[in-house]
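Let's take a walk through a protein and look at how its charged side chains pair up. Have the sequence and the 3D view ready.

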Amino acid sequence: MTTSNARPVIPASGMGLYVHIPFCKTKCPYCDFNTYQGIENLIEPFLPAVTSEIERWGDSLAHPAVKSIFFGGGTPSYLPKGYIEKILGSIQASYRVSPDAEITIEANPGDLNAAACAAILAQGVNRLSIGVQSLDNDLLNLLGRRHQASEAMEAFESSRQAGFDNVNLDLMYGLPNQSMVRWRHTLDSLVGLAPDHISLYALSIEEGTPMHRWLEEGKITEPDSDLAADMYQYARESLGAAGYHHYEISNWSLPGRACEHNVVYWENGPYLGVGPGAHSRLGDWRFWTLLSPREYNAKATGWPAADVWPMNELVEATLKEVPTLGGWEHLSLETTCSETMFLGLRMLDGLDLSNASSLTGVDLAKKFRSQIRECINLGLLEQNGDCLKLTESSYLIANQAFTRFLD
């Protein structure tokens, strides 16, 4: 097989590994992710399928280093007892996992009691991400969540009792019928628990979802964007006062608790995704796994052992040998440079232009000189030496800066 002189797809520091769990007990009406309810019959064959995919990738990539693992979905906490442990065992056997690797699992509050949290911790997970979304039961019902506010609070307390010292809480704002009073109650109550990390996401009503249909039918009202902006500003002020560092547009953490896995994405680093619909970026290639869980189970389980790919590089011929892939694209240097800019600028401490240029092999300050100057003149960006970052006033309109690096 021929190879090029491209840089290795995975540096010595390692990559992120994402495991997509497509199963949900119930699917929320706003969700447009590749997740499903009512396919529990596919859960049992999913385990040998995903461990097979993990092992084959590990063999093909010569057992690379992994610095973070993230179980997302879907609802990973919905898997039967022992599944996470077996998947992690497969990862440990197939990759060189850093001893201090961050290992996260997303969980529904309704799945978390003291025993469940203790079992998750015992399986090797060291970071828990709980989908609270709101502490208003009417809004939770609107969102189709299968927990009540009291269960969310109890789930967090159970995580602490079990020994989790790194817990994220997901919240949503800008919801139909959500008032500032309700938002303040939810945020203030959860800040009082002192979680290690908080992620805030404005509701986006996507086409094809039940909630989009409800909007078209007049069953719900369009969220108020001005009110949502006020909610975001209140969060910035209250979380800052509580000692949280606003390190990314939608994420706050206590010192040392930024999500290491997501930082891999924002730094445009390498990551491998396994499971139906998971995306990967290795070297100059972006690729994704086929969507259908049934088709995935069949093809992943039947994936034959692979040779190590020469020079630890990917070429189109090797990707064609992967039976679980749904598609791929080769990333041009232009695309890599653009993505490095707008992903890195999501990090609010700023993008180090010198480091980013070293990674891409292109002087980004020179390449994007006119775009940077325009954004600074518009008040979207500010620069101090090699550090380029969003101005505080542009956080909610950051796309106005990002899109300029795509032209």
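Start at Arg160, which is partly exposed at 26% relative accessibility; that label covers anything between buried (under 20% relative accessible area) and exposed (over 50%), using a 1.4 Å probe and protein chains only. Keep in mind that this is a predicted model, where local features need pLDDT of at least 70, side-chain atom pairs count only at pLDDT 80 or more, and totals for chains, interfaces and linings use all residues. Residues are numbered from 1 along each chain as its sequence is written, and side-chain values use heavy atoms, with hydrogens and water left out.

So who does Arg160 pair with? Its partner is Asp196, and their closest N and O atoms sit 2.9 Å apart in a salt bridge, meaning a side-chain nitrogen of Lys or Arg within 4 Å of a carboxyl oxygen of Asp or Glu. Arg160 belongs to helix H5 while Asp196 lies in the loop between helix H6 (180-191) and strand S8 (197-202), so the pair ties together parts that are 36 residues apart in sequence. (Helices are DSSP runs of H or I with at least four residues, strands are runs of E with at least two, and both are numbered from the N terminus.) Asp196 is buried, at 8% relative accessible area.

Now hop over to Arg286 and Glu339, another salt bridge, with 2.8 Å between the closest N and O atoms. Arg286 is in strand S13 (residues 285-289) and Glu339 in helix H12 (residues 333-344), so this pair links parts 53 residues apart in sequence. Both Arg286 and Glu339 are buried.

Salt bridges can share partners too: Asp136, Asp138 and Arg182 are joined into one network that way. Altogether, the structure holds 15 salt bridges.
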